[in-house]
Each structure stands twice: as C-alpha cells, then as structure tokens.
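Please keep the sequence and coordinates in view while reading.

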Amino acid sequence: MLRYTISRLLQAVLVILVMSLLLFMLIGLMPGDPVENMLEGNPALTPETMAQMRALYGVDQPLYTRYGHWLTSALHGDLGYSSVYFRPVLDVLGPAIVQTAKLLVLTELISIPLAMLLGALAARKPGGWTDSIISLLAFASISLPGFWTSLILIIVFSVKLGWLPASGTPLLSDASMSEQLVHMILPVTVLTFFHVGPLVRYVRASMIETLNSDFVRTARAKGLSEATVVMRHALRNALIPMVTVLALGFGSLFSGALVVETIFGMLGMGKIIYDAISNIDFNLALVGLLLATIVTLLSSLLADLAYAWLDPRITLK
C-alpha cells in the first residue's frame, strides 16, 4: 500500500503541474488583463503609464514566459499577490478555505446519517411505497440544477416568508456562532439535498444485496428483531462500499459548494474564485482552481486506500 500511495502522489504532482499550465493558459487567453482592471476609470492614465504598469507586472510577456516565472516562484513558496485584494494570495484564500470547510463539514454531518437512514428504509421493501417515495426524492436530488434550487429557496424562505437570510455570510466579522449557523441554513440545505440523493441510491443497492445474504437470514432465524438485523448486522456490512462513495463524492461536493457559495454570496472559495475570474486576477484564480483540483485528487486517493483497508480482498497495484 505504501508503494501504491507514493506512486499515486507522484501522479498527482504531475497532474497538478499539467493543470496549472492549462489553467494559466486559459486564464491568460481571457480578454483584458489585471492592469486594465486596476487602473480602469482613471482619467489621468496615459498609454505610456499603462505600458509601464504592464511591464512592471509582466503581463506584456508571452504566456509561457509568465508561466515559467510563476512556477519558479510557486516552487519557492511564493504564490503571488492578488490584483483585486492587494494582498498575498494565501492571505486571501485562508479565511475562504475555513468558510468552505465549515460548509462541507456541516453538510457531511447531516448527509451521512440521513442517507444511511433513508437507504435502509428503502431497502427493507423494494418496490413498496416507502421505497418509491425515497427513490423519487433521490432522483430529484440528482436531476434538479443546484442554482435553480438555491434561487427557489431564496425566493420562498428569504423574500416571501422572511424566515432566513438570503446571504450566506453575516455582515459583521464578529458574528456569534448562532448568527453564522442561521446564515448557513439555506446553503447547507441545498448541498445536503444534492449530496444525499446519490448516497441514498448506493446505500439502498448495497442494503438490498446484504439483506439477501446468508448471515442475515441466520440472524433472522435466531429470532432477532428486524431493527437489530437491519441496523446492527446488514447496515454495518453494507457501509463498506459507502466509504469509497463518500470519498469520491467529496470532490463533487466541493465543486457544488463553489456554486452554492457564489449564489448565496458566501465569502468562501466559490465567491473568491468567481470574483478572481471576473476581475482577471491571474494568481488568485489560478491558485483557487488548483486547490479544487488537489481536493479532487486527494479524495480519489483516499477512496482507494479506504476501500483496500476495509476489504482485505482488494489489492492495490
């Protein structure tokens, strides 16, 4: 397993390098540049001053030259400055990463028990009313667009009813924990809805297979209650593939969080990356998108390692 982990990490480094090049080129091909955004609206600006500023920031150089300079600095720990926030990129992304982490943790804490419960209930009587209703909700979770659902919740609970704030981040930096939680209800609800659906389908399929196993029939023959058979015997064994699904789904959950944060105006990774791309902030957009790539790669690696650890029959090569 150690050899496999080292091999996967080396592959991940190669993927990150390739992605950094592709992202740098794509962002660099966008119309405009950071200098124009910084100096936009300045009536005293002259073409000579603009040329000097472009030379100062290096945006007058070819893309491959600029990428080489950026990569050399990044390998030395310097990820550059944000042309929008006028601060080092890591100083801007630090609070945003914490905000996104809170959102993801709350979503996982709600999604996992809920998916286990609904999946187990649906698997008890496949084709029954309970299974049909839960399956319908799961398919709706998979099919509905995230941005549309977010807007509907904002219209209903924020605009019409006025129960919850439409913004995902308190206006005051010293907001209490309860105020922060209230502002996160709608974003967490949206993410949980879209994260639970696929998990329920996996739990249901795994539970149906497990409930037809010999050891489950033996447990029932011993006179154990149905709740004990389902929760203590069947569910425990059915959750082995769930660990892999959770790890693989974390990358998708992270990507979904970026969209939800943008819609709800949360000061997380999604809003930061959106603002960076909109304002052609090369360094901030590049590092933010690379972090999303790293999260996806790590979740994939953890999925493979977790599955091999839980099931000794799996060999990693």
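In which helix is the place of V156? V156 lies in helix α7, where helices are DSSP runs of H or I with at least four residues, strands are runs of E with at least two, and both are numbered from the N terminus.

This is a predicted model, in which local features need pLDDT of at least 70 and side-chain atom pairs count only at pLDDT 80 or more, while totals for chains, interfaces and linings use all residues. Residues are numbered from 1 along each chain as its sequence is written, and side-chain values use heavy atoms, with hydrogens and water left out.

**Confidence.** The chain has a mean pLDDT (the predictor's confidence in each residue, from 0 to 100) of 77, and 80% of its residues reach 70 or more. Confidence is lowest in helix α2 (residues 34-39), with a mean of 59, and highest in α6, with 86. Where pLDDT is low, the predicted coordinates should not be read in detail.

**Surface.** V156 counts as partly exposed because its relative accessibility is 34%; buried means under 20% relative accessible area, exposed over 50%, and partly exposed in between, with a 1.4 Å probe and protein chains only. V156 belongs to a nonpolar surface patch of about 1000 Å², whose other members include L144, F147, W148 and V259. Such patches are made of residues with over 30% relative accessible area and no salt bridge, with nonpolar side chains (Val, Leu, Ile, Met, Phe, Trp, Tyr) joined within 5 Å. Helix α7 (residues 146-160) supplies the largest share of this patch, seven residues.

**Cores.** A nonpolar core is a set of buried Ala, Val, Leu, Ile, Met, Phe, Trp, Tyr and Cys residues joined through side-chain atoms within 4.5 Å. In the largest one, which has 40 residues, W70, L93, L103, F264, M269, L284 and L286 touch the most other members. The elements that give two or more residues to this core include α1 (2-28), α4 (63-75), α11 (240-264) and α13 (282-310), and α13 gives the most, with seven residues. L286 is in contact (heavy atoms within 4.5 Å) with S20, L23, F24, I27 and W70, leaving aside neighbours within four places in sequence. A second, separate core of 20 residues includes A123, V200, V229 and L246.

M269 is also among the buried residues of α12, together with G270, I272, I273, D275 and A276. After α12 comes I280, whose phi is positive, near 55°. T100, placed in helix α5 (residues 89-124), touches M269 as well as F254, E261 and G268, not counting residues up to four places away in sequence.

**Charge pairing.** The count comes to one salt bridge, defined as a side-chain nitrogen of Lys or Arg within 4 Å of a carboxyl oxygen of Asp or Glu. R204 pairs with D131, and their closest N and O atoms are 2.7 Å apart. The pair joins distant parts of the chain, since R204 is in helix α8 and D131 in helix α6 (residues 129-143), 73 residues apart.

I208 is likewise placed in helix α8; its C-alpha atom is separated by 8.8 Å from that of K125, 83 residues apart along the chain. I208 touches A123 and P126, not counting residues up to four places away in sequence.

| Residue | Relative accessible area | Class |
|---|---|---|
| T100 | 2% | buried |
| D131 | 4% | buried |
| R204 | 16% | buried |
| I208 | 23% | partly exposed |

Methods: Patch = residues over 30% accessible without salt bridge, like charges linked within 9 Å, V, L, I, M, F, W, Y side chains within 5 Å. Areas by Shrake-Rupley, 256 points an atom, 1.4 Å probe, with all protein chains shown as cover.
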